[in-house]
Amino acid sequence: IQKLCDRVASSTLLDDRRDAVRALKSLSKKYRLEVGIQAMEHLIHVLQTDRSDSEIIGYALDTLYNVISNDLEEEEQEENLPKQVDDLGSQFTEIFIKQQENVTLLLTLVEEFDFHVRWPGVKLLTSLLKQQGPQVQQIILVSPMGVSRLMDLLADSREVIRNDGVLLLQQLTKSNAAIQKIVAFENAFERLLDIITEEGNSDGGIVVEDCLLLLQNLLKNNNSNQNFFKEGSYIQRMKPWFEVGDDNCGWSAQKVTNLHLMLQLVRVLVSPTNPPGATSSCQKAMFHCGLLQQLCTILMATGVPADILTETINTVSEVIRGCQMNQDYFASVNAPSNPPRPAIVVLLMSMVNERQPFVLRCAVLYCFQCFLYKNQKGQGEIVSTLLPSTIDGNSVSAGQLLCGGLFSTDSLSNWCAAVALAHALQENATLKEQLLRVQLATSIGNPPVSLLQQCTNILSQGSKVQTRVGLLMLLCTWLSNCSIAVTHFLHNPANIPFVS
C-alpha cells in the first residue's frame, strides 16, 4: 500500500498513477483501515489535479467510498462475521470533511456527466451524509448552488444515477428544514411524482418506496412545504395511488409497503398537529379531487390486507376530522352489500367483534371519534338510532351495535363502545338529555331499566377494569354540565355509596 501511495504521489506518467489508484481500489475493501490511513490524502490530491482523466477520478472516488462506507461492514455483520471495533466510516468521514473544500470538490465532480465520475461521486456523497449528516448538510448548504447541483440528479436519464440521486437526497433532507425548503423549491415534488407515475404507482418497485420516503422527509413537520404542495395542486396527483381493483388477493410485499407510505403521506398533510387552517384546506382539496372517495372505496373493498385496511381507516379518520363536508360525505358512504349498509355500521361491527385484530378495532374507534369531532349533526344521527321512536327492527343500527358492545362479555368491546358513545355526547347538552329516554329490556318479566341505570349497575357489580374505565369515561362525559342527568344518577340510592 505504501509503495502504491508513493507511485500515486511521485509518478509523472498519468498511466502509472492510474494503475496505482486502480490497485489501491482493489485492496481497499479488504484492507480498509490501511488504505484509509495511508492513501486518503493522495486520493484527494488526485481528485484535485487529475480532473481531465475520468478513469483515474472514478477509481479514486470508488476507493474513498470503500474506505468511508460502512455498507460492506454491515453486509459482513449479516453473515455473522465479527464487527470491527471502531466505527471506521465515521472517523474517515471526519478526516475527509475537516477540509470543507473536499466536499465542495465532490459537488463539482457530481456535476460531471461522465458515468464513471458521477455515479461513484453520488455514492460517496451519500455515504458522507450517512456518517456525519448535520456537518455535511451544513457544508452543502453554504456552498453556492450546492443543493441545486444535486437536484439535477433526478433528471439524469440513466436510472441507476437517478435512483441513487433519490437516496442521496433522502440523506440530505433528513431533519433539516432549510434544505427541505430549497429542495421543494427546486421542483422536487413535480419530479418525484413523475417518477412514481412512471414506475407504476403502488405497483412499482423499491424506487417508488424511495421516492415516497423522500417526499415524507420534505413534508413531515414542514408547514411551508405542505402549503407549497397543496398550492401546487399536487394533492390531486395522489389520487391514482389508491386505485385498487376488485381482486385484491396476493399483493406483493413491496405493494403493501408502497401503499403504507402513500397513506402515511396523506396523513402528514392532514395531521391534527398541523395548523388548523392548513389541515382544513388540505381536507377540502382531498374531497374535491376525489381522493377521500377513493380511500373510502379501499375501506369497503374485499381482500385488502389487514394492515393496509387499518392504516386506511386511520387515514380516512384524519381526512374527515373536524371537516363538516367530509364528515357528511363519510356518513353517506355505503358498503357494497345486499342490502347496502352504511360504512359506519360496517366499521362498528368490526369494532365490537372480539375476533378482529386489536389495532383494527382501535382504528375504527379513532375513525368514529374523528367523524363526531365538531360534528353536532353526526352526533345527533348516532344518538337518534338509540331512541325508541327511530329503532328499525329490520336492520342493525349504530346505536344497537354500541349498546351491544357496551354490555357484551368482551371487556375491550365494552371500553370501545363506551368511549365511542361518550364522543357522541361530547359538548352536546341536548343529546345528553335525550339519551336519558333510552330504556333497555334486561330480562323477561322484569321492567326495562334506563341506559344510565344499566351502566351504573354494571359498575357496581365489580366488572373488569377495562369495562369499568370505559363506563366511567362515558358517565363523566354524560353527567358533565348536565343537571338532569346528574339528578337521574343520584335518584338511584345505590349510586351514592358507590361514588363515595
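**Before starting.** I reminded myself that this is a predicted model.

**Entry 1: two helices.** I began with helix H2 (residues 14-28) and helix H3 (residues 32-49), which pack at an angle of about 150 degrees. Their axes are 10 Å apart, and the crossing of H2 past H3 is left-handed. Which residues meet here? From H2 I listed Val21, Leu24, Leu27 and Ser28; from H3 I listed Arg32, Val35, Ala39, Leu43 and Val46. Sorting the residues of this contact gave me 7 nonpolar, 1 polar and 1 charged.

**Entry 2: Thr93.** Next I turned to helix H6 (residues 88-98), where Thr93 lies. Is Thr93 buried or exposed? Its relative accessible area is 0%, so Thr93 counts as buried. Leaving out residues up to four places away in sequence, I found Thr93 touching Ile68, Leu128, Gln131 and Gln132.

**Entry 3: aromatic pairs.** I then went through the rings. A pair of aromatic rings is described by the distance of the centres and the angle of the planes. With pairs defined by ring centres within 6.5 Å, I have 8 aromatic pairs in my notes. One of them is Phe189 with Phe228, a tilted pair at 6.0 Å centre to centre, with 50 degrees between the planes. This pair links distant parts of the chain, the two residues being 39 residues apart. I placed Phe189 in helix H13 (residues 188-198) and Phe228 in helix H15 (residues 223-231). Phe189 has a relative accessible area of 1% and is therefore buried, whereas Phe228, at 35%, counts as partly exposed. I also noted that Phe189 and Phe228 form one aromatic cluster with Phe229 and Tyr234.

**Entry 4: charges over rings.** Where does the charged end of Lys123 sit? I found it over the ring of Tyr65, 5.1 Å from the ring centre. I wrote down another case as well: the charged end of Arg158 sits over the ring of Phe113, 3.9 Å from its centre.

Entry 5: Pro339 belongs to the loop between strand S1 (334-335) and strand S2 (341-342).

I looked up positive phi values too. Ser175, a residue other than glycine, has phi near 50 degrees. Its place is the loop between helix H11 (159-172) and helix H12 (177-185), and at 78% relative accessible area Ser175 is exposed. For Lys374, also not a glycine, phi is near 55 degrees. Lys374 lies in the loop between helix H22 (358-372) and helix H23 (376-384); with 63% relative accessibility, I put Lys374 down as exposed.

**Entry 6: Thr442.** My last stop was the loop between strand S3 (439-440) and strand S4 (449-450), where Thr442 is found. I have Thr442 as partly exposed, at 40% relative accessibility. Which residues does Thr442 touch, not counting those up to four places away in sequence? The contacts are Pro447, Val449 and Gln454.

Definitions and conventions
Residues are numbered from 1 along each chain as its sequence is written. This is a predicted model: local features need pLDDT of at least 70, side-chain atom pairs count only at pLDDT 80 or more; totals for chains, interfaces and linings use all residues. Side-chain values use heavy atoms; hydrogens and water are left out. Helices (H or I, at least four residues) and strands (E, at least two) are DSSP runs, numbered from the N terminus. Buried means under 20% relative accessible area, exposed over 50%, partly exposed in between (1.4 Å probe, protein chains only). Contact means heavy atoms within 4.5 Å. Rings of Phe, Tyr and Trp (its six-membered ring) pair if their centres lie within 6.5 Å; planes under 30 degrees apart count as stacked, over 60 as edge-to-face and the rest as tilted. A charge sits over a ring if NZ of Lys or CZ of Arg is within 6 Å of the ring centre and within 35 degrees of the ring normal. Axes are lines fitted to C-alpha atoms, for helices over the stretch in contact, and angles run from 0 to 180 degrees between N-to-C directions. A crossing is left-handed if the near helix is turned anticlockwise from the far one by less than a right angle, and right-handed if clockwise. Ala, Val, Leu, Ile, Met, Phe, Trp, Tyr, Cys and Pro count as nonpolar, Asp, Glu, Lys and Arg as charged, and the others, Gly among them, as polar.
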